[in-house]
Amino acid sequence: MALTGKMVSEVEISSNGDDIFHIVAGKKAQHAPNLSPEKVHKVEIHQGDWGDHGSIKVWTYVAEGQVETFKEKVSIDEENKTVHMTAVEGHCLELYKSYNVIYEFIHKRETNAVKITIEYEKKNEHVPPPQKYMDFIISLIKDLDANLVKE
């Protein structure tokens, strides 16, 4: 049984995606708790500055009713509207040796979308794929989009 895996999902959004890109990339991450208070409790900068390539942030959020943390180092590709988060600490690393989330913001003619990829390596064969984290991310993106469209 393979211990490494990849999950991919795509979420259509009504907004142009720029604000969500900047929240995920970090430039506006501190606004996430205001836009989705039930899902994101806080986002703190640990190293670097908001929105800087290589900065490290700590997200405190609720997944499946449990408060968790995710300390991540971010890589940002502004030109291709792609954000790569690598877990450096947090609850996900209790189950996975490695855990990466990649957000790709896609501008289409009629709609826009966010492609979400989670790459992971399980600590053992009994660990399930990170579906709860994919479900959380999809729900968060939908929540951020709905609240940004209202503004």
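Colleague: What should I know about the model before reading its features?

Modeller: It is a predicted model, in which local features need pLDDT of at least 70 and side-chain atom pairs count only at pLDDT 80 or more, while totals for chains, interfaces and linings use all residues. Residues are numbered from 1 along each chain as its sequence is written, and side-chain values use heavy atoms, with hydrogens and water left out.

Colleague: Which residues have the most contacts inside the largest nonpolar core?

Modeller: In soluble globular proteins, nonpolar side chains tend to be buried together. A nonpolar core is a set of buried Ala, Val, Leu, Ile, Met, Phe, Trp, Tyr and Cys residues joined through side-chain atoms within 4.5 Å, where buried means under 20% relative accessible area, exposed over 50% and partly exposed in between, with a 1.4 Å probe and protein chains only. Here the largest such core has 43 residues, and those with the most contacts inside it are W59, Y99, Y103, I116, I137 and I141. Helix α3, residues 131-150, gives the most to this core, with nine residues; helices (H or I, at least four residues) and strands (E, at least two) are DSSP runs, numbered from the N terminus.

Colleague: Is E72 buried or exposed, and what does its side chain reach?

Modeller: E72, which has its place in strand β4 (residues 66-77), has a relative accessible area of 0% and is therefore buried. Its side chain is joined to that of K57 by a polar contact of 2.8 Å, and the side chain of E72 also reaches the backbone nitrogen of V74 at 3.5 Å. A polar contact is a pair of N or O atoms within 3.5 Å; within protein, one must be able to donate a hydrogen and the other to accept it, and residues adjacent in sequence count only if both atoms are side-chain atoms.

Colleague: How many aromatic pairs does the structure hold?

Modeller: A pair of aromatic rings is described by the distance of the centres and the angle of the planes. Rings of Phe, Tyr and Trp (its six-membered ring) pair if their centres lie within 6.5 Å, and planes under 30 degrees apart count as stacked, over 60 as edge-to-face and the rest as tilted. The structure holds six such pairs. The rings of F21 and F105 have centres 5.5 Å apart and planes at 90°, so this pair is edge-to-face. Because F21 lies in helix α1 (residues 18-25) and F105 in strand β6 (residues 96-107), the pair ties together parts 84 residues apart in sequence.
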